[in-house]
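Some labels in a structure description rest on a cut-off.

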Amino acid sequence: MYVRPAAAAAAAFLGFALTLLGGTASYAATGPGSTPGPLGLGGPVVYAHRGASAYAPENTLAAVDLAMRLGFDWVENDVQRTKDGELVVIHDDTLARTTDVEQLFPDRKPWKVKDFTAAEIDRLDAGSWFGEEYAGASVPTLRQYLDRVQRNRQRLLLEIKKPELYPGIEEQTLRVLGEAGWLDARHVAQRLVVQSFSADSVRIVHGLRPDLVTAFLGTPPVADLPRYAEFTDRINPWHTTITADWVAAVHGLLGAHGRAMEVDTWIVDDAATARKVQEMGVDGIITNAPDVVREAVGGF
């Protein structure tokens, strides 16, 4: 369920108040998997899915900025590639749902990201579908997105989306991350996680940069978990597919960096479900409504 600007404004005020109390409201104080945060609040790390996407158009800079104003360090995004090789931040492999591409380019159905140049995509309105107040928001390039997250002093859970459509996207993503200053020791240790639904893609990233924290999106059977532990640090499942025993099984394994594996579940947007997965022992919750989850699992 999307909450419109009035609710967002109230939540933004909460984030501002928390900042006055001495820091952001993120639970990630020292890096991936850390609890508690600057306010001393225990609980899972809360990730703003596609930015604060319950309140602003997903994967836009506006959603990132709102997550920051709400007091959240961690934002999640999705990376795909244009026809001319630019990495852009968008969830769907088609532009139809979240832009006005059908109006600007009516004859180019099914409007796949990979069939449009970066310049063409930059012409699109990626905000009006969500609300008139966001008219003119653009689909950001990955570099633009990284620069904004860096400016906001946030941290990034980056998803390589549909890698089977974009051969070599893992190497290219790492190259852009490096050019933007995101592969130095501090970012790698504390501010960046790379994930994908493709085990092969996660394995490639791990092979290219063994120091990076990686995550596999899915819910492998317990018997298969040791195989994933060879090349990743986290298993990030849909919340309806897990039990406390499954979470414990993941925690019982050492991941690619020799530490206990972690579980960040998605997409949780209501208080009851947030408390349920917290009781299962998850390490993080990925959510469109981070303020709702924070209040449920952090006690305020």
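The questions and answers that follow concern a predicted model.

Q: Why is T82 called buried?
A: The relative accessibility of T82 is 5%. Buried means under 20%, so T82 counts as buried.

Q: Where is T82 found, and which residues does T82 touch beyond four places away in sequence?
A: T82 is found in the loop between β2 (74-81) and β3 (87-89). Leaving out residues up to four places away in sequence, T82 touches V88, V113, K114, F116, T117, A118 and I121. Each of these counts as a contact because heavy atoms lie within 4.5 Å.

Q: What makes R148 and D65 a salt bridge?
A: Their side chains meet at 2.6 Å, N to O. The cut-off is 4 Å between a side-chain nitrogen of Lys or Arg and a carboxyl oxygen of Asp or Glu, so the pair of R148 and D65 qualifies. The pair links distant parts of the chain, with R148 in helix α5 and D65 in helix α2 (residues 61-69), 83 residues apart.

Q: Is D65 buried or exposed, and how do you know?
A: D65 has a relative accessible area of 13%. The limit for buried is under 20%, therefore D65 is buried.

Q: Why are E159 and K161 both called buried?
A: E159 has a relative accessibility of 4% and K161 has 9%. Both values are under 20%, so both residues count as buried. The side chains of E159 and K161 also meet in a salt bridge, at 3.0 Å, N to O.

Q: Why are D211 and R209 called partly exposed?
A: The relative accessible area is 33% for D211 and 23% for R209. Partly exposed lies between the buried limit of 20% and the exposed limit of 50%, so D211 and R209 both belong there. The two side chains form a salt bridge at 2.6 Å, N to O.

Q: Which residues do salt bridges with shared partners join into one network?
A: The network consists of R50, E58, D78, D92, R97, E159 and K161. The structure holds 18 salt bridges.

Q: Which residues of helix α6 are buried, and what do they pack against?
A: In α6 (residues 169-179), the buried residues are I169, E170, Q172, T173, L174, V176 and L177. They pack against β2, β3, α5 (142-151), β4 (155-160), β5 (192-196) and α8 (199-208). After α6 comes G181, with a positive phi near 85 degrees.

Key: Residues numbered from 1 in each chain as written. Predicted model: local features only at pLDDT ≥ 70, side-chain atom pairs only at ≥ 80, totals over all residues. Heavy atoms only, no water. Helix = DSSP H or I, 4+ residues; strand = E, 2+ residues; numbered from the N terminus. Buried < 20%, exposed > 50% of the residue type's maximum accessible area, 1.4 Å probe, protein only.
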